[in-house]
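Subject: Handover of a structure and summary of findings

Dear colleague,

Please find below the structure that I am passing on to you, together with its sequence. I would be grateful if you could read the notes that follow it with the coordinates open.

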Amino acid sequence: MTIERMTVGNWGNVKAFFDLKTEDGFLITGMKIVEGVNGKFVGFPSKAGEDGKYSEIVRAERDVRDAVTKLGVDHYNAQT
């Protein structure tokens, strides 16, 4: 997996947006670096439902989520 593009800014708890390219050639857009209570983590793309609640539109197993978080946060830290 690689980070294709990262836009760093300050949108409340969201610190950056990025796109993730998988080894199979899929490009996942709308990933985000979020500052949480326990530090930074990666938020997967989500959309608002009719009830106003957000749900993820891309899901991953824990080991993949952990690898994406490490990759994303490391890339963010290198840019800031």
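The notes below go from the whole chain to the helix, then to the core and to some individual residues.

Overall architecture

Please bear in mind that this is a predicted model. The protein chain contains one helix and six strands, and from the N terminus on, the order of its elements is β-β-β-β-β-β-α. The C-alpha trace spans about 35 × 30 × 20 Å along its principal axes. How does the radius of gyration agree with that of a compact globule of 80 residues? The rule gives a value near 12 Å and the protein chain has 12 Å, so the two agree.

Of the 80 residues, 30% are buried. The accessible surface comes to about 5400 Å², and carbon and sulfur atoms account for 50% of that area. Where contacts link residues at least 6 apart in sequence, 27% of them join residues at least 24 apart.

The helix

Helix H1 covers residues 62-79, which is 18 residues. From its first C-alpha to its last it reaches 26 Å, close to the 26 Å expected at 1.5 Å a residue.

Which residues of H1 are buried? They are Arg65, Val68, Thr69, Gly72, Val73 and Tyr76. These residues cover an arc of only 120 degrees around the axis, and therefore lie on the same side of H1. The spacing follows a general rule: an α-helix has 3.6 residues a turn, so residues three or four places apart point the same way. On the other side of H1, the exposed residues are Asp63, Lys70 and Ala78. The cover over the buried residues of H1 includes strands S1 (2-11), S2 (14-21), S3 (27-36), S4 (39-43) and S6 (54-56).

- Arg65 is located in helix H1. Its relative accessibility is 17%, under the 20% limit, and it therefore counts as buried. Beyond its neighbours within four places in sequence, Arg65 is in contact with Val42, Phe44, Glu56 and Ala60.
- Thr69 also belongs to helix H1. Its relative accessibility of 19% is likewise under 20%, so Thr69 counts as buried. With neighbours within four places in sequence left aside, its contacts are Lys40, Phe41 and Val42. The C-alpha atoms of Thr69 and Gly12 are 57 residues apart along the chain and separated by 19 Å.

The nonpolar core

The largest nonpolar core has 13 residues. Within it, the residues with the most contacts are Met6, Phe18, Leu20, Met31, Ile33, Val42 and Val68. At least two residues of this core come from each of S1, S2, S3 and H1. As a general matter, nonpolar side chains in soluble globular proteins tend to be buried together.

Met6 lies in strand S1 and, at 12% relative accessibility, counts as buried. What does Met6 touch, not counting residues up to four places away in sequence? Its partners are Ala16, Phe17, Phe18, Ile33, Gly72, His75, Tyr76 and Gln79. The C-alpha atoms of Met6 and Phe44 are 38 residues apart along the chain and separated by 14 Å.

Phe18 has contacts, apart from neighbours within four places in sequence, with Ile3, Arg5, Met6, Ile28, Thr29, Gly30, Met31, Lys32, Ile33, Val42 and Gly72.

Residues with greater accessibility

Thr7 is found in strand S1. At 34% relative accessibility, Thr7 counts as partly exposed. Not counting residues up to four places away in sequence, Thr7 touches Lys15, Ala16 and Phe17. Between the C-alpha atoms of Thr7 and Asp19, which are 12 residues apart along the chain, the separation is 9.4 Å.

Is Val37 buried or exposed? At 86% relative accessibility, Val37 counts as exposed, because the limit for that class is over 50%. Val37 is placed in the loop between S3 and S4. Val37 and Asn13 are 24 residues apart in sequence, and their C-alpha atoms are 9.9 Å apart in space.

Yours sincerely

Methods: Residues numbered from 1 in each chain as written. Predicted model: local features only at pLDDT ≥ 70, side-chain atom pairs only at ≥ 80, totals over all residues. Heavy atoms only, no water. Helix = DSSP H or I, 4+ residues; strand = E, 2+ residues; numbered from the N terminus. Expected span 1.5 Å × (residues − 1). Buried < 20%, exposed > 50% of the residue type's maximum accessible area, 1.4 Å probe, protein only. Arc of directions from axis to C-beta. Contact = heavy atoms within 4.5 Å. Rg over C-alpha atoms; globule rule 2.2 N^0.38 Å. Areas by Shrake-Rupley, 256 points an atom, 1.4 Å probe, with all protein chains shown as cover. Core = buried A, V, L, I, M, F, W, Y, C linked by side-chain atoms within 4.5 Å.
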